[in-house]
Amino acid sequence: MSKLRYERPVIKKLETGMPNKFGSRTEYEPVTQIDGVSVKSLISEYGSPLFVLSEKTIRSSIRKAKKAFETRYPRVQFAWSYKTNYLNAVCSIFHQEGSWAEVVSGFEYDKAIKLGVDGRKIIFNGPDKSEEDLTKAINNDSLIHIDHLDELYTITELAETLKKRPRVAIRVNMDTGVYPMWDRFGFNYENGQAWDALNKIMHSGKMELVGLHCHIGTFMLSASAYGIAASKLAELAIAVEQKFNHEIKYIDLGGGFPSRNTLKGSFLPGSDTNPSFDDFAEAITTALVNSNFRKERLPLLILETGRAMIDDAGFLLGTVVSNKRSSTGRRNTILDIGVNILFTAFWYDHRITPAQTFTHYTEDTCLYGPLCMNIDVIRESTTLPLLNKGEHVVIHNVGAYNMTQWMQFITLRPNVILIDLDEKPHLIRSREALENIISMERTPEHLSNIG
Ligand SMILES: *Cc1c(COP(=O)(O)O)cnc(C)c1O
């Protein structure tokens, strides 16, 4: 055992109701390595800040999710939500695990095709699909999830000109008891828009109606909302079957399951309270098997889980730039991690751990980023041991949305590393350089000389 570091004695006011006499401690152990690779060595080799993804955790999450659904329902298919994290290495892991691709733009669609995904295994969602995008999707026999009537009519026209029978579903929005309701995408169930769209598709005879889709929200903390959604989609599918003698091949419940993160303002940590894959699987599959589908016509169940599949596999490593005191005496620690690369700091109280041994003395700390912007706050208030300049921190559960929503603002975006199953790190996205940014700029002739 190494020699303990000297800590100066402190007198602290006892606060009744606090978990212990030092106040609410967040961490008792440093996190010095990720999947067997030391944080220090990663930072010295790849720089700071640094995103790190664990292939082991990604694979174990998708396997857990698949098991939860496949043990309860005979036909299940996952589709990877590209916008959650569309780094090629990440998408490839999901495709290797059997996931289809779920995309919400022409750019994401092209990315999936370029990665080699079979067009028939691409689900095309989103409110803005251009004619060019739709033409590609129709020619590749992809699954097009219609968002509004304008799109429905465009597809009807394209089917005619391309002499194809596009495979379509509609996106349905509905009241599941969770508010505010996400009703801006797709067709509403309660007011009859969805039934109307289904009738229009069936009567046009130009498209093959293959599925029904919904995506009721994100970071949903209620499994029962999914039971309601599944029942409503099943009801629509059975109504189509009865009226048109037409089989709906799949029901797609979208994404929205929470990761283990803690939403700001929550009393208990998300890792203790958020529902699990099993909770959601139980609610959804119970609703489907209890509905009136005949046994031989039980639809395929598609899930587009994003966040819950990758958030917990992502880490952001960073370094302390400085410590200072606020005007009221509170400790302010400045990190080299800004909100431009950690968007989710706006929604979550991320778990943050020191990456080296630390003292038992803790203090209420505000963690700032390096940007010269007042909003650049990683945590407004958290109890942490003292972190010295040059020491490192690990921010946990950052794998979802940060590597797609990050922006190049004031600083450049950092390297992204994937640690494989043999604990070997791979660079999967290089850090940006000044040249990358200015290569897209064009300076008019009269401004080329700044004297
Ligand atoms: C974003 C999105 C998903 C993934 O959502 P998560 O909340 O990350 O699980 C799935 N389907 C659609 C249509 C989406 O827009």
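1. In this predicted model, nine residues of domain 1 are in contact with eight residues of domain 2. Domain 1 consists of two segments, 33-52 and 312-434, whereas domain 2 is given as 125-305. The C-alpha centres of domain 1 and domain 2 are separated by 37 Å.

2. The area buried between domain 1 and domain 2 comes to about 780 Å², and carbon and sulfur atoms account for 40% of that area. On the side of domain 1, the contribution of Asp-312, Tyr-348 and Asp-349 deserves attention: these residues provide 60% of the area that domain 1 buries against domain 2, more than any other three residues.

3. The polar part of the interface may be examined next. Seven residue pairs in polar contact are found across the interface of domain 1 and domain 2, with both residues at pLDDT 80 or more. By class, the residues of domain 1 that touch domain 2 comprise four nonpolar, three polar and two charged.

4. How many salt bridges does the rule find across the interface of domain 1 and domain 2? The count is one. A salt bridge joins the side chains of Asp-349 and Lys-264, with an N to O distance of 3.5 Å. Asp-349 is also one of the three residues named above for their share of the area that domain 1 buries against domain 2.

5. Which atom of Tyr-401 lies 2.5 Å from an oxygen atom of the ligand? It is a polar side-chain atom. For Gly-306, a polar backbone atom is 2.8 Å from an oxygen atom of the ligand. For Arg-307, a backbone N or O atom likewise lies 2.8 Å from an oxygen atom of the ligand. As to cover, the ligand on its own has 390 Å² of accessible area, of which the protein covers 95%.

Notes. Residues numbered from 1 in each chain as written. Predicted model: local features only at pLDDT ≥ 70, side-chain atom pairs only at ≥ 80, totals over all residues. Heavy atoms only, no water. Domains from an automatic or database assignment. Contact = heavy atoms within 4.5 Å. Buried area = accessible area lost by both parts, 1.4 Å probe. Salt bridge = Lys/Arg side-chain N within 4 Å of Asp/Glu carboxyl O. Polar contact = N/O pair within 3.5 Å; in protein donor to acceptor, adjacent residues only side chain to side chain. Nonpolar A, V, L, I, M, F, W, Y, C, P; charged D, E, K, R; others polar. Areas by Shrake-Rupley, 256 points an atom, 1.4 Å probe, with all protein chains shown as cover.
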